[in-house]
Amino acid sequence: MSSEIEELTGEDPLPEPGKAPFSWKNFLRKNVTQLGMIFVFFGLWLFFILAAPNTFLSPQIYYAFMATTPLFAIMAMPLTMVIIAGEMDLSFTSIMAIGMVAFIAIFEPTGNVSLAILAALAAGVAAGFLNGGLVVGIGIPSLVATIGTQFFLRGLALVLLNGKGATLVGARESFVYEMFVGKTIGKIPNQFWWSIAIAILCWIILNRTRLGAHIYLIGDNVQSARLMGVNVNRTRLAVFIMIGLAAALAGVLASMQVSFFWPSLGEGYLLSTLASVFLGGTSVFGGVGTILGTFLGSYIIGAINAGIVAIGMTGYWTELIYGLIIVISVSMHVILQRRVK
Amino acid sequence: MEPTYRIELRDVSKNFGEVQSLRNVDFKLGQNEVVGLLGDNGAGKSTLIKILTGYHQPSSGELFIDGNRIDSLSVPMARGLGIETVYQERALAEQQTLWRNIFLGRELRTTFGLLDVNKMKQETSKLMLESMGFTSSAVNPESVIETFSGGEKQGVAIVRALYFDAEIIILDEPTMGLSLKETRKLLNFVRHIKDMGKSAVFIDHNIFHVYSVSDRVVVLDRGRVAGEFRCSDITLDDLMEKMYLVAETGSME
C-alpha cells in the first residue's frame with residue numbers, strides 16, 4: 001500500500017497515517033514520567049550538593065551509594081513485574097533471609113561458595129513457588145498470602161538458626177565472593193554492575209518476551225487475557241518465582257557485603273523497594289509500569305537515603321519521606337490516569 | 001455423502017453448579033454460512049459461543065470442527081483452528097497500545113524467540129490503513145486503546161479477528177454501543193465475511209440486524225433451541241411474531 005503511494009507521489013512519500021512524524025510534543029507526552037524522574041533526580045542531586053557540599057562533591061558517597069542501592073534495586077525491578085501483573089509481594093524481605101539460611105546450610109559443611117549460592121537461589125525459587133501456589137492454586141489474594149509468608153519465612157529462618165547469625169568470613173577468599181561484592185574499574189562496587197545486569201534482563205523479559213507481554217495483559221484486563229487464550233496462572237506463577245529468585249540474590253549480596261548473615265536480614269528493605277517501584281511510575285492497579293522507571297526510582301531513593309544522613313537529619317526522616325513518596329507517587333498516577341479518560 | 005459442517009454441536013448441555021445454561025442443544029454452522037443467534041437475556045447465547053471458542057467446556061455432548069470430534073477445546077486450540085471471536089465486552093486491554101492489542105495472546109516472535117516488536121508495529125500500521133480505515137495521524141500503533149471511541153475499539157476487535165486468517169468468525173453482540181453509521185459499517189463487514197467464503201456466527205439482540213445478514217437464524221430460549229429458520233423461508237414479520245411467542249410461552253407453536 002505504502003509503495004503505491006510512493007510511486008504516485010514520486011520522491012516525496014506522504015507520511016503514513018499509522019506513523020505520526022516525530023515531534024517533540026509527542027515525545028514529551030509519551031515519556032513524561034521518565035523525563036520527570038530524570039528531572040527530579042538531578043534536582044535532588046543539586047539540592048544535596050548545595051546542602052552538603054563536602055559530602056556530595058567527594059567520590060566516597062557515590063561508591064557507598066553504588067554498593068547499597070543495588071540491594072533493593074535488584075528486587076524492585078522484578079517486583080515491578082509482579083505489580084504490573086496486578087499482584088503484590090510483601091514477602092521478599094523474608095525470602096532474602098531464607099535464601100541465606102540455605103546458603104549457610106551448604107556453606108558451613110562444604111565451604112563451597114558457588115554451591116551455597118545455588119542453594120540460596122533454589123530456596124528463593126521455592127519461596128516464590130510457594131507464594132505463586134497460594135495465589136494461583138488456592139486463590140488467596142496475593143497481598144494477604146504474602147503477608148502470611150513474610151512472617152512464616154522469617155519465622156522459619158529464625159527457628160532454623162535459633163535466632164543466631166553466621167559469619168561468612170571464610171568465604172572471602174573465593175573468586176565468587178569477589179565477583180559478587182568486589183570492585184571493578186577502580187572503586188566501582190560490583191553490586192552496581194549486578195543492578196545493571198538485572199535491569200537489562202528484566203527489560204528484555206518484560207518488553208521482548210511473550211511472558212512480558214502477558215504480564216501487562218493480565219494486569220490490565222485479566223478477563224480479556226483469558227478470552228484470548230493467555231495462560232493466566234502460569235504467568236502469575238512466573239512473576240512470583242522471579243521476585244523470589246531476585247530476593248535470594250539480593251540476600252546473598254547484602255550478606256557478603258558485610259561478611260555476616262543476620263536472620264533479621266531484609267527487614268528495612270520493604271519500604272525502599274516499594275517506594276522505588278511506585279516512584280518509577282508503576283500503577284498500583286496493574287497494567288502499567290516500566291523497568292527503566294523503577295531503575296531510576298531506586299537510585300533516587302538511594303540518593304535520598306544518602307542525602308538525608310549527609311545533611312545531618314536523623315534516620316527517622318527517611319521513613320517519613322519514603323512513606324510520603326509512596327503515597328504521593330501512587331496518588332499522582334491515579335490523578336493523571338483520570339485526566340487521560 | 002453428508003456435507004461436513006464447519007462446527008457442529010450434538011446434544012450439548014452446560015451446567016454452572018445448579019444452573020443449567022444449555023440443555024441438549026444441537027447447533028450447526030455450514031461452509032460459507034452466516035448463522036444468526038437470537039434469544040433473550042439468559043437464553044444461553046453467550047454460553048454457547050464460549051463453548052465454540054474453547055473458553056467453556058460442555059458438561060455433556062459432543063463438539064465437531066470440520067467433521068473432527070474435539071474433546072477438550074481450549075482457546076489457543078480454537079484460534080489455531082481458525083475460530084476468532086469479537087466479544088461484546090470487546091476483550092481489549094484498555095491501557096495497552098494498539099499493536100499489543102492486535103497481537104494479544106498471539107505475539108509474533110523472531111527466530112531467537114524474542115518478541116518481534118517492529119514487525120508487529122508495521123503490521124498494525126498496515127492493518128490500520130487497509131482494514132480499519134484509521135486515517136488520522138493522531139492514531140498510531142503506539143496509541144493507547146482507552147483513548148479510542150466505541151466504534152474504533154470495535155474496529156480493533158474485528159481487525160484482530162481477521163488478521164489471523166480466521167475461517168470462522170464469531171461476533172458476540174458486536175453492535176452494542178455503536179452509532180448508526182458504525183453499525184452499518186459493521187453489518188457490511190459481516191456480509192464481507194460471507195463474500196470471502198468464510199463462515200460466521202452472529203449474535204445480537206436486534207432482530208433486524210440478525211435477519212438482514214444471516215442465512216439462517218437459530219432461536220434460543222432458556223437454554224434450549226426453540227426454533228430454526230432459513231431467512232429465505234420466513235419473512236421478518238413472521239420471525240418477529242415467533243419471537244414474541246417464544247418469549248411469552250417458551251414455544252414456537
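Does Ser283(A) count as buried or exposed, and how many C-beta neighbours lie inside 10 Å? Ser283(A) counts as buried, because 20 such neighbours lie inside that distance. Point 5 returns to this residue.

1. **Confidence.** This is a predicted model. The predictor gives the complex an ipTM of 0.79 and a pTM of 0.84. Chain A has an average pLDDT of 85, with 89% of its residues scoring at least 70. For chain B the mean pLDDT is 84. There, 93% of the residues reach 70 or more.

2. **A stretch to treat with care.** Look at residues 1–19 of chain A. Their pLDDT stays under 50. The model still has 26 contacts for them beyond four places in sequence. Where pLDDT is low, the predicted coordinates should not be read in detail. Keep that in mind when viewing those contacts of residues 1–19.

3. **Chain A overall.** Chain A comes to 16 helices and 4 strands. It has 341 residues, and 46% of them count as buried. Now take the contacts between residues at least 6 apart in sequence. In chain A, 75% of these join residues at least 24 apart.

4. **Helices H5 and H14 of chain A.** H5(A) covers residues 60–84, and H14(A) covers residues 269–279. Their axes come within 9 Å and cross at roughly 55°. H5(A) is therefore oblique to H14(A). The crossing is right-handed. On the H5(A) side, the residues in contact are Phe72(A), Ala73(A), Met75(A), Ala76(A), Leu79(A), Thr80(A) and Ile83(A). On the H14(A) side they are Tyr269(A), Ser272(A), Thr273(A), Ser276(A) and Val277(A). By class, this contact has 8 nonpolar residues, 4 polar and no charged. Look at the spacing of the numbers in each list. An α-helix has 3.6 residues a turn, so residues three or four places apart point the same way.

5. Ser283(A) sits in the loop between H14 and helix H15 (291–310) of chain A. A residue needs 20 or more other C-beta atoms within 10 Å to be buried. Ser283(A) has 20 of these neighbours, so it counts as buried. Which residues does Ser283(A) contact, leaving aside neighbours within four places in sequence? They are Val288(A), Gly289(A) and His333(A). Val334(A) is 51 residues from Ser283(A) in sequence. In space, their C-alpha atoms are 7.9 Å apart.

6. **Phe92(A) and its contacts.** Phe92(A) lies in helix H6 (residues 92–110) of chain A. It is buried, because 34 other C-beta atoms lie within 10 Å. Leave aside its neighbours within four places in sequence. Phe92(A) is then in contact with Met75(A), Leu79(A), Ile243(A) and Ala247(A). Met75(A) and Leu79(A) belong to H5(A), and they also take part in the contact with H14(A). Another pair to find is Phe92(A) and Gly128(A), which are 36 residues apart along the chain. Their C-alpha atoms are separated by 8.7 Å.

7. **Helices H11 and H13 of chain A.** H11(A) spans residues 210–220 and H13(A) spans residues 232–258. The axes come within 10 Å and cross at roughly 105°. The two helices are therefore roughly perpendicular to each other. H11(A) contributes Leu211(A), His214(A), Ile215(A) and Ile218(A) to the contact. H13(A) contributes Val232(A), Thr235(A), Ala238(A) and Val239(A). The classes are 6 nonpolar, 2 polar and no charged residues.

8. **Positive phi in chain B strands.** Two residues deserve a look here. Asp11(B) lies in strand E1 (residues 7–16) of chain B. Its phi is positive, about 55°, although it is not a glycine. Asp11(B) counts as exposed, because it has 12 C-beta neighbours inside 10 Å. Asn24(B) is in strand E2 (residues 19–29) of chain B. Its phi is near 45°, again positive in a residue other than glycine. Asn24(B) has 14 C-beta neighbours inside 10 Å, so it counts as partly exposed.

Key:
Residues are numbered from 1 along each chain as its sequence is written. Chains are lettered from A and ligands numbered from 1 in the order in which they are written. This is a predicted model: local features need pLDDT of at least 70, side-chain atom pairs count only at pLDDT 80 or more; totals for chains, interfaces and linings use all residues. Axes are lines fitted to C-alpha atoms, for helices over the stretch in contact, and angles run from 0 to 180 degrees between N-to-C directions. Angles under 35 degrees count as roughly parallel, over 145 as roughly antiparallel, 65 to 115 as roughly perpendicular and the rest as oblique. A crossing is left-handed if the near helix is turned anticlockwise from the far one by less than a right angle, and right-handed if clockwise. Two residues are in contact if their C-beta atoms, placed from the backbone, lie within 7 Å. Ala, Val, Leu, Ile, Met, Phe, Trp, Tyr, Cys and Pro count as nonpolar, Asp, Glu, Lys and Arg as charged, and the others, Gly among them, as polar. pLDDT is the predictor's confidence in each residue, from 0 to 100.
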